[in-house]
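Opening the notebook on a new model today. I'll jot down what I looked up, in the order I got to it.

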Amino acid sequence: MQRKFKFMNHLILSAFYDNVNKNIGPTLMWVFFLLMIIELLYVSVKYLGSDDSN
């Protein structure tokens, strides 16, 4: 069981290293793209969805 966990841990860390080391541009692009969508949804719900009358 310990050997299998060690192999899976190495596999996951290796995949993460390859993704960040060799594809840092696309990875950052997707991270910021998803953050921008979350921000747009938050602003839309907060400011456009409120029925406050001043």
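Predicted model: local features only at pLDDT ≥ 70, side-chain atom pairs only at ≥ 80, totals over all residues.

How many residues apart are W30 and F33 in helix α2? I get 3 residues, which means that about one helical turn separates W30 from F33.

Next, the overall picture. I count 2 helices and 0 strands in the protein chain. The chain has 54 residues, and buried ones make up 0% of them. I get about 5,500 Å² of accessible surface for the chain, with 69% of that belonging to carbon and sulfur atoms.

Back to the rings. My search for aromatic pairs returned 1. That pair is W30 with F33, edge-to-face, with 5.7 Å centre to centre and 90 degrees between the planes.

Then I looked for nonpolar surface. W30 and F33 turn up again, in a patch with M29, L34, M36, I37, L40 and L41. Together these residues put about 780 Å² of accessible area on the surface. I placed L34 as well: it sits in helix α2, which runs over residues 24–48.

Last entry: which residue lies over the face of Y47? I found K46 there, at 5.8 Å from the ring centre.

Methods
Residues numbered from 1 in each chain as written. Heavy atoms only, no water. Patch = residues over 30% accessible without salt bridge, like charges linked within 9 Å, V, L, I, M, F, W, Y side chains within 5 Å. Areas by Shrake-Rupley, 256 points an atom, 1.4 Å probe, with all protein chains shown as cover. Salt bridge = Lys/Arg side-chain N within 4 Å of Asp/Glu carboxyl O. Helix = DSSP H or I, 4+ residues; strand = E, 2+ residues; numbered from the N terminus. Buried < 20%, exposed > 50% of the residue type's maximum accessible area, 1.4 Å probe, protein only. Phe/Tyr/Trp six-rings, centres within 6.5 Å; stacked < 30°, edge-to-face > 60°. Lys NZ or Arg CZ within 6 Å of the ring centre and 35° of its normal.
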